[in-house]
Structures are given as structure tokens and as C-alpha cells.
Amino acid sequence: MKEKTTTAAEQDMNNHEAEVTGAEALLKSLIEEGVDTIFGYPGGAIMPVYDKLLDYGDRLRHILTRHEQGAAHAAQAYAMVTGRPGVCFATSGPGATNLVTGIANAFLDSVPVVFITAQVTSVLIGTDAFQETDILGISMPVTKWNAQVKKAADIPDAIARAFYIARSGRPGPVLVDISKDAQVENLRYSYRKCTYIRSYNPVIPLHMRDIESAAVMINHAEKPLILAGHGVILSGAAEELKALAEKGGIPVAVTLLGLPSFPQKHRLFAGMLGMHGNYASNMLTNQADLIIAVGMRFDDRVTGNLKKYAPDARIIHIEIDKAEINKNVRVDLEINNDAREALKALLPLVREKSLEKWIREFRILDRVEYEKVIRPETEPDEGDIRMGEVVKTVSDLTDGDAVIVTDVGQHQMAVARYYRFSEKSTLVTSGGMGTMGFGLPASLGAASGSPGKPVVAFIGDGGFQMTLQELGTIMQYQIPVKILLLNNNFLGMVRQWQEMFFNGRYASTEMANPDFVVLAGAYGINARRVTRREELGQAVGAMLAAKGPFLMEVAISREANILPMVEPGASVSEVTLTYR
């Protein structure tokens, strides 16, 4: 009689209390948390995990990046498009330290990523052993929580805690450092998801008295303005935000990471806030009599000079992280809760209003900006190709239904200003950290998490060359990202500041670049270069229609500036619309 074979899934059910190694316990724990994709790079200390990973290839997809920083950014992007924690592996020493920029990036943008690093054998910890670094000490300021595991039996509980902390409350990155001997030791495996940690209280009960006070303030305001941040997206509160705005007739301005939280074609959309934000949203912040800040932290790029910020406004701050309230801007009413819960409770108490006179002020300033900035940037009829017209072309051809990834620099601000984000859009960008080199690895992570949806990465020639080795990852896994390389042979944003504030002294910002089309070809990626305006529409259409990855380099104006601009030290209402 033929012996019955047992599937891996059946083995999991039968052996929930089976004896396994620490490495296998780690992988089984990840599966329990719903993980299906891991980004990483192997090395000596983490080899036991990678060896066991071969046995779990049917349930855990591992994407080998070309650098640990790339793995970190890819895991963050994966989390941003899926709404689930990303997972990243790295070995000890330089493998772990190469993650730090990516960890900090996820921390500042409140993205849940579980970083798993390996460590030298526990008896060698603290001896300056080969490839030993104190990754707990290094990462502590930029993780929500971190821990070191030296015994195999502690691995399941550590992973359960890591996922609970990463995704609850204000999300963020966590790190678990596992010694090599813990990976090879045996343990009696069982797994219990974490739902409670003493002294950690991410769920804060609503105080209806505060909600009622907020409703009174909103109902009596004549010039209210909602400021919507990344927290709206993280809490899934976009529909509640829209309902509140429509019921109260309140214009909605958004931060960079909050861009997809409110449809830009909506009549109440007031524009993007901040240094390179829209004219109306910045100018009228200082005329508002009430600001309702939702899931945002009053970053310096949004507020400008704090002494001149919103002088006539009372401020309601809805924010899940108590530490962010009254940190930069003193508020009149704090609602320390999840954005979606707070908005749902607030909505029935707000009166229906029409504030057409207030809305008209935004439309008047929108027209001024259109004539002075937007039309010349998006509809030029002569001269070099502009960033704005490239972004607008992609926006028109995707109808806002795409995952948009950016690197950091002028092109990032051009995307924020000229891509028409809708409810179907997703934006993956580096906000708080402003990490050049983020775009390319983030694009492969975003595409891995959103199969079937177009992923377009806007990247400058400077940032592209910081992590271009990830073309190898895109090649190996045939990840169908569309890379739009905007090339002005400059570190554009730094050059703009040098022009405006350093008398045009271009110190180390002009770049001699390789032939990017040939470079893409070396990785087996189809590519083309566009230098003429009349080619642009057809070329973008062909790029979007291409199967598999595609790189399109566009030669853009070398010394164009991103405007409007709130200059450093200026008030948000002191906006520079033109320069030179």
C-alpha cells in the first residue's frame, strides 16, 4: 500500500506543537501573521533562516534585492500599497547597518515594517566579533520598538509582539535581532498572536465631550479649513473625511503624504500645503478662523515660520500620537484618537452648511496660480520639456488610476503638484526623511504588492544613481515597473537653492551622467530616450502599454525651478510665485 504524503500545510496543522529550529519557527510565525513576501539579502549570520526558507517557497516569496537599503525601501513601499506590514531580512554587521536609512524613512512616515536582522552567536555578543554591530542601539531612535532574541524559544513571542506593535496605534517600523545560535536551536513551537501588552495602549477611547466641542467650533466657523495628512490614509478615513467636508462645506488642503486622501477633482479640494504647495492653500491658511488638522504633525515644510502661522485660527488637532499634539503648534482642542473613529463620531454633530464665499477665495487664487505657474509649466509651446508637462501627460493617460512612486527632489514636487490623484490613486514617496535613492527600490516593492495595477516611478538622474543596482532585482523577477527618469544633469533641488540663496554658485550639483538607455539595456530592460516635446505623448503611451519593466528617460529643462515656493523662514502667506 502506497504511503500517504503530507502537504506542508497539513504538517503545520499537525505539528503546531512540533519541535523545530529557531529559523523555522521564525518562518512559521511570519506565515501566521499573513506574510507572503519578504525582501532581503543573505549573509553569514542569517544563513540558517535562508536555508529553511527553501522549504517554504510555496508560501513565502523572497525577493533578493541588490542592497539591504533597497530591501528596506521595497518593504516600506509594499506596506504602503497593501496596508499590511512589510518584512525585510538582513544579516549582521554591515547588512544590518545598511538598513538604517530605510528604517528611519519608515519611522518618519509612520509605515509598519518588520525588520529581521541576524546577530553573531550569543556568546560573542559584546566582544567585537566579526560582523558584530549593536543594531539595537543604532536603530533605537528610529524604531517604534526593537528587541534581541538569544533563545529559540523566545522567537515566536518576539515576532507576535513585533507585528502587533508595528501595525497598531500610530504604525511604524520594528526590529527583531536574532542571534545565530537561536536560529539553530530547537524549540517546541506554538504561536499565539499578540493582542495586548501591558503599558502599551494604542487604542484610546473617544471622549465625546471633546467631539462635541469640536462640532460646536466647526458649526460656528465662517472660514474653516481641513488639513489632511498621512494619518487619514493610515486609518482608512478618506470616506469620513470627504463626508465631513461635504456636510460642512469645508475646503480640504492636504500634505504631501496625504495627497490621495481627498480627490483633487472635488470642488472642495484646496490644494497641497507646504513649501512647494498650492498658492491658495498656503495663502488662506493665514486667513482661516478654524483649522481642523487630521492625521498630520505640523511639519516645518507645512507651517513655514511658526511665529506667523495661522494667526487668526483656532486649531483642532485630531491625532493618534499624543506626542505630536502641541509639539510644534499650540492647539485649542486636542482629540487624541484614531482619525477614522474621531471623524465618524464628529460627522453626525456637524451642521450642513454652504460656504461659497470662502470657497470662492480659493478659486480666485487658483486662477492666479494657474496663469503664473501652472500654465507655463504644463502647457509650454517652446523651449525644453518641463517636468510638469511630463507628469500631466502620465496623469492624463492613467486617469489617476495608478500607483505613483517618486524619488526625492524637484520631480517629487512636480508629481505632487501636477498628478491628479483620485480615490483610486496610491502615492509612495519619502516624506519626512526625504531620502534620495528611495524611488527605484520602492517601485519594485510597490509593484510586488499591487500586481495588475500600473506602477509608475518618477525619478531624477541624481537619486536614480544612488540605488540603480536595483535594476538587477527588477530584471531577475521581471517586475513590471515603468521608470520615468527625468534627466536635467543636475541635482535639481539643490541647484535651485543655490540659484536662489547662494548667488547662483553651483557647487557640486552638475552631473556627468551615463547613457541610461544603454545601462537599462545591460539589464535586459526595454528603454528609450525622449528629447522632443512632440514625442512625449506617444512615448508615454507606449511605455504604459509595454509588457514588463520599461525605462523612459526624458531630457528636461536644465535650470527650471519648482514654484510656488515658501522660502525658508517665511510665512506660508509669503509665497514666491515667480523667480528671475
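Which loop holds Pro564? In this predicted model, Pro564 is found in the loop between strand E20 (550-555) and strand E21 (565-566).

## Backbone exceptions

The peptide bond leading from Leu563 into Pro564 is cis. Its omega is near 0°. Asp399 is not a glycine, yet its phi is positive, at about 55°.

Most residues other than glycine have a negative phi, and most peptide bonds are trans.

## Domain layout

The domain assignment divides the chain into domain 1 (15-188), domain 2 (208-361) and domain 3 (381-571). The C-alpha centres of domain 1 and domain 2 are 37 Å apart. Their contact draws eight residues from domain 1 and seven residues from domain 2.

How much area do domain 1 and domain 2 bury between them? The figure is about 600 Å². Carbon and sulfur atoms account for 62% of it.

## Helices H2 and H8

Two packed helices are described by the angle between their axes and the distance between the axes. Take helix H2 (residues 22-32) and helix H8 (residues 155-167). Their axes come within 9 Å and cross at roughly 30°. Angles under 35 degrees count as roughly parallel, so H2 is roughly parallel to H8. The crossing of H2 and H8 is right-handed.

From H2, the contact uses Gly22, Ala25, Leu26, Ser29 and Leu30. From H8, it uses Ile155, Pro156, Ile159 and Phe163. By class, this H2 and H8 contact has seven nonpolar and two polar residues. No charged residues take part in the contact of H2 with H8.

## Helices H17 and H18

The second pair is helix H17 (residues 387-398) and helix H18 (residues 410-418). Their axes come within 9 Å and cross at roughly 50°. That angle makes H17 oblique to H18. The crossing of H17 and H18 is right-handed.

Which residues bring H17 and H18 together? H17 supplies Met387, Gly388, Val391, Lys392 and Ser395. H18 supplies Gln410, His411, Ala414, Val415 and Tyr418. By class, the H17 and H18 contact has five nonpolar, four polar and one charged residues.

How values were computed. Residues are numbered from 1 along each chain as its sequence is written. This is a predicted model: local features need pLDDT of at least 70, side-chain atom pairs count only at pLDDT 80 or more; totals for chains, interfaces and linings use all residues. Side-chain values use heavy atoms; hydrogens and water are left out. Axes are lines fitted to C-alpha atoms, for helices over the stretch in contact, and angles run from 0 to 180 degrees between N-to-C directions. Helices (H or I, at least four residues) and strands (E, at least two) are DSSP runs, numbered from the N terminus. Angles under 35 degrees count as roughly parallel, over 145 as roughly antiparallel, 65 to 115 as roughly perpendicular and the rest as oblique. A crossing is left-handed if the near helix is turned anticlockwise from the far one by less than a right angle, and right-handed if clockwise. Contact means heavy atoms within 4.5 Å. Ala, Val, Leu, Ile, Met, Phe, Trp, Tyr, Cys and Pro count as nonpolar, Asp, Glu, Lys and Arg as charged, and the others, Gly among them, as polar. Domain bounds come from an automatic or database domain assignment. Buried area is the accessible area (1.4 Å probe) that two parts lose on being put together, summed over both.
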